[in-house]
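Hi,

Here is the structure I promised to pass on to you. Have a look at it first, and then read on for what turned up when I went through it.

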Amino acid sequence: MKNPWYFLLFIGVLALVAGCTTPVENTVPETTTATPIETPVTTRPALATDLPEFEYAEVPVISSGDTDWMTTNASYVARTALRDEAARVMYQEGGTVEGVLLSCHPTPLPSAGDGCAPALRITNQTATVDFLVDEEGGRVIAVVVEMKENV
């Protein structure tokens, strides 16, 4: 073989294509740890008003087990998330609030591990979105998007 790097390049491309087309089980994990599309800390200002028709007190906690990962309550997390412009628009355009959960997202290098925070999960026909909330700062700090299959 005169040029082995062509062969290696061909094998690499085949491996990437095979990895992108491998079917994935259609289950929703308890915490989002898959390879999400992540938006880093948001700089959008929070809106000062609540949604008058939304029942904040009825937002369920959908993570199983203790809620020691939350310093406030589900109502506060939902209120904070829905003051974010993107969350508000997604909800007002027909999104469904599933509840509050502990959501984790990969952190950028050189940090190690996952960044976890309470999040409000909103779903629509094409995506499931977790709006991670900084309870002390009262703002959305990250958005984790999981695209639905077969849309």
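**The disulfide**

Cys104 and Cys116 are joined by a disulfide, with an S to S distance of 2.0 Å. Please keep in mind that this is a predicted model. The count for the structure comes to one disulfide. Its partners sit in distant parts of the chain, 12 residues apart, with Cys104 in strand β2 and Cys116 in strand β3. The torsion about the S-S bond is about 105°, so the disulfide is right-handed. How accessible are the two cysteines? Cys104 is buried, at a relative accessible area of 8%, while Cys116 counts as partly exposed at 44% relative accessibility.

**The overall layout**

Stepping back, the protein has three helices and five strands. Read from the N terminus, the elements follow the order α-β-α-α-β-β-β-β. The chain has 151 residues, and 32% of them count as buried. For contacts with a separation of 6 or more, 58% are between residues 24 or more positions apart.

**The nonpolar cores**

The largest nonpolar core holds 24 residues, and the members that touch the most others are Phe54, Leu82, Val100, Leu120, Ile122 and Phe131. Which elements give two or more residues to this core? They are the helices α2 (74–81) and α3 (85–92), together with the strands β2 (96–106), β3 (114–123), β4 (127–134) and β5 (139–147). Another core, of five residues, lies apart from it, and its members include Ala117, Ala119, Leu132 and Val144.

Leaving out residues up to four places away in sequence, Val100 touches Val59, Pro60, Val61, Ile62, Ser63, Trp69, Met70, Ala74, Val77, Ala119 and Leu120.

**Ser63 and its loop**

One of those contacts of Val100 is Ser63, which lies in the loop between β1 (37–39) and α2. Ser63 is buried, with a relative accessible area of 11%. Its side chain reaches the backbone nitrogen of Leu102 at 2.9 Å. Again not counting residues up to four places away in sequence, Ser63 touches Trp69, Val100, Leu101 and Leu102.

Glu98 has its place in strand β2. Is Glu98 buried or partly exposed? Its relative accessible area is 34%, so Glu98 falls in the partly exposed class. Beyond residues up to four places away in sequence, Glu98 touches Pro60, Ile62, Arg121 and Thr123. The C-alpha atoms of Glu98 and Leu120 are separated by 7.7 Å, with the two residues 22 apart along the chain.

Arg121, touched by Glu98, forms a salt bridge with Asp130, and the closest N and O atoms are 2.7 Å apart. A search of the whole structure finds one salt bridge. Where do its two residues stand, buried or exposed? Arg121 has a relative accessible area of 3% and is buried. Asp130 is buried as well, with a relative accessible area of 2%.

That is the tour for now.

Technical notes:
Residues numbered from 1 in each chain as written. Predicted model: local features only at pLDDT ≥ 70, side-chain atom pairs only at ≥ 80, totals over all residues. Heavy atoms only, no water. Helix = DSSP H or I, 4+ residues; strand = E, 2+ residues; numbered from the N terminus. Buried < 20%, exposed > 50% of the residue type's maximum accessible area, 1.4 Å probe, protein only. Contact = heavy atoms within 4.5 Å. Core = buried A, V, L, I, M, F, W, Y, C linked by side-chain atoms within 4.5 Å. Salt bridge = Lys/Arg side-chain N within 4 Å of Asp/Glu carboxyl O. Disulfide = S-S within 2.5 Å. Polar contact = N/O pair within 3.5 Å; in protein donor to acceptor, adjacent residues only side chain to side chain.
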